[in-house]
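Dear colleague,

Please find below the structure that I am handing over to you, with the sequence alongside. My findings follow it.

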Amino acid sequence: MSLNPSVFLKEIEEHNSKFVETNKTTSIASENPLQNLCLASQEVLQKAQQSGRSKCLKCGGSRMFYCYTCYVPVENVPIEQIPLVKLPLKIDIIKHPNETDGKSTAIHAKLLAPEFVNIYTYPCIPEYEEKHHEVVLVFPGPQSISIKDISFHLQKRSQNKSRGQNDDLDKPSFKRKKIEDQEDYDLNDSMCKNTILKKIIFIDSTWNQTNKIFSDERLQGLLQVELKTRKTCFWRHQKGKPDTFLSTIEAIYYFLVDYHTDVLKEKYKGQYDNLLFFYSFMYHLIKNAKCSGDKETAKHTQ
Ligand SMILES: [Zn+2]
C-alpha cells in the first residue's frame with residue numbers, strides 16, 4: 001500500500017514544526033529523546049526524500065541524502081543547507097570493514113562535524129600509545145568508568161606519564177598538574193583547568209564484531225568510558241542485541257550531552273542536537289512509513 005507522498009510529507013512537516021516550537025524550553029526529553037531536539041530545518045531532506053536518489057558529486061554513485069563512501073551529501077542536498085556542529089573534542093570512529101557502509105550512522109557525525117570527526121576502517125587505525133592521558137575509548141565493560149570521572153582519571157595518568165610511570169599504577173596524586181595546550185578548543189579558563197580530554201574513540205560495528213576490534217592491542221591501556229544506560233531509537237534491530245546497544249550517532253550524541261553537563265559543567269542547551277539531523281529525520285520517516293504500512297518508503301530509506 002502506498003500513501004500519497006504530499007500528505008506524508010505534510011505530516012512530517014507538521015511534526016517537525018511541533019518540535020521546533022517546544023525546543024526553546026526543553027532540552028532533552030526522557031521518553032522519546034528525538035522529540036524535543038533543537039534541529040536545523042529539515043526541509044532539504046524532505047525535498048530530497050521526495051525527489052529520490054541523487055548523484056554523489058565525488059564518485060557519481062546514486063544515493064539517498066549522502067554518499068556513504070565519500071562522506072559528502074549528494075547533489076540534491078546542498079552542503080550549505082546541512083548544519084555544522086562544533087564539538088568540544090575530536091572523535092575517532094573505528095569501523096569494522098564488514099559493516100555495510102550504507103547502514104552505518106557514524107557517517108552522520110562525519111557529515112555534520114567534519115572538522116572534528118575521523119573515520120578509520122579496521123585494521124587501519126591510529127596509534128594511541130603516547131596519548132593515554134588525553135584519549136578515551138567509549139566502550140562498556142568491567143573496567144570502564146563513567147563520564148563524570150574522566151578528568152580525574154586522565155589527570156592521574158597525566159601525572160604518572162610525567163613521572164615516567166605506567167598508566168595502570170594507582171599512585172596517590174601529589175600536585176595537580178597545570179593543564180595546558182587546549183589548542184583552539186573554545187573553552188574558557190575555568191573549564192581548561194578541569195578538562196584534559198582531547199579525543200574520544202568509538203567502535204562502529206555490529207554487536208558481534210565489536211569485541212574483535214576492542215581486543216586489538218593498539219586499543220589496550222586506553223581509559224575505557226561507559227555511557228549511562230539509554231534505550232536506542234534505532235530502527236534496524238539486530239538479532240540478539242539488547243535495546244540498550246546504541247547506534248553510533250546516538251552514542252556520540254549522548255556522550256557529548258553528558259560530557260557537557262558533567263565535565264564542562266555547562267547547562268545543555270541543545271548544542272549537539274544537530275548531530276541527529278539525519279538520524280531523527282530517518283527515524284520519523286521510517287516510523288511513519290511503518291505505521292502507515294508504506295513499506296516502499298521504509299525500504300528506500302534503509
Ligand atoms: Zn560518493
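I begin with a residue on the surface: Lys265 is exposed, because its relative accessible area of 62% is over 50%. Please note that the model is a predicted one. Lys265 lies in the loop between α7 and α8 (277–291), and its phi is positive, at about 55 degrees, although Lys265 is not a glycine.

Tyr71 sits in the loop between β3 (66–67) and β4 (72–73) and is partly exposed, with a relative accessible area of 22%. Pro123 belongs to the loop between β6 (117–121) and β7 (135–138).

As to the overall fold, the chain comprises 9 helices and 10 strands. It has 302 residues, of which 51% count as buried. When contacts between residues at least 6 apart in sequence are considered, 70% of them join residues at least 24 apart. The chain exposes about 15,600 Å², and 50% of that area is supplied by carbon and sulfur atoms.

The metal site is as follows. The zinc ion has as its protein donors the SG atoms of Cys56, Cys59, Cys67 and Cys70, which lie 2.3 Å from the ion. The angles among the 4 donor atoms run from 106 to 113 degrees, and the site is tetrahedral. Along the chain, the donors follow the spacing C-x2-C-x7-C-x2-C. Two of these cysteines may be set side by side: Cys67 is buried, at 0% relative accessibility, whereas Cys59 is partly exposed, with a relative accessible area of 42%.

Within the chain, and leaving aside neighbours within four places in sequence, Phe278 is in contact with Leu45, Phe65, Tyr66, Ile82, His108, Leu111 and Leu112.

Ser247 is found in the loop between β10 (223–226) and α7 (248–263). Is Ser247 buried or exposed? Its relative accessible area is 5%, so Ser247 counts as buried, the limit being under 20%. Not counting residues up to four places away in sequence, Ser247 touches Thr105, Thr232, Phe234 and Tyr279.

Finally, I draw your attention to helix α4. This helix has 13 residues and reaches 18 Å from its first C-alpha to its last, close to the 18 Å expected at 1.5 Å a residue. Its buried residues are Ile150, Ser151, Leu154, Gln155, Lys156, Arg157, Ser158, Gln159 and Asn160. Ser151, located in α4 (residues 150–162), is buried with a relative accessible area of 13%. The C-alpha atoms of Ser151 and Val263 are separated by 7.4 Å, although these residues are 112 apart along the chain. Just after α4, Gly164 adopts a positive phi of about 75 degrees.

Yours sincerely

Technical notes: Residues numbered from 1 in each chain as written. Predicted model: local features only at pLDDT ≥ 70, side-chain atom pairs only at ≥ 80, totals over all residues. Heavy atoms only, no water. Helix = DSSP H or I, 4+ residues; strand = E, 2+ residues; numbered from the N terminus. Buried < 20%, exposed > 50% of the residue type's maximum accessible area, 1.4 Å probe, protein only. Contact = heavy atoms within 4.5 Å. Donors = N, O, S within 2.8 Å, 3.2 Å for Na, K, Ca; no water. Tetrahedral: all angles 85-135°; square planar, octahedral: opposite > 155°, others 65-115°. Areas by Shrake-Rupley, 256 points an atom, 1.4 Å probe, with all protein chains shown as cover. Expected span 1.5 Å × (residues − 1).
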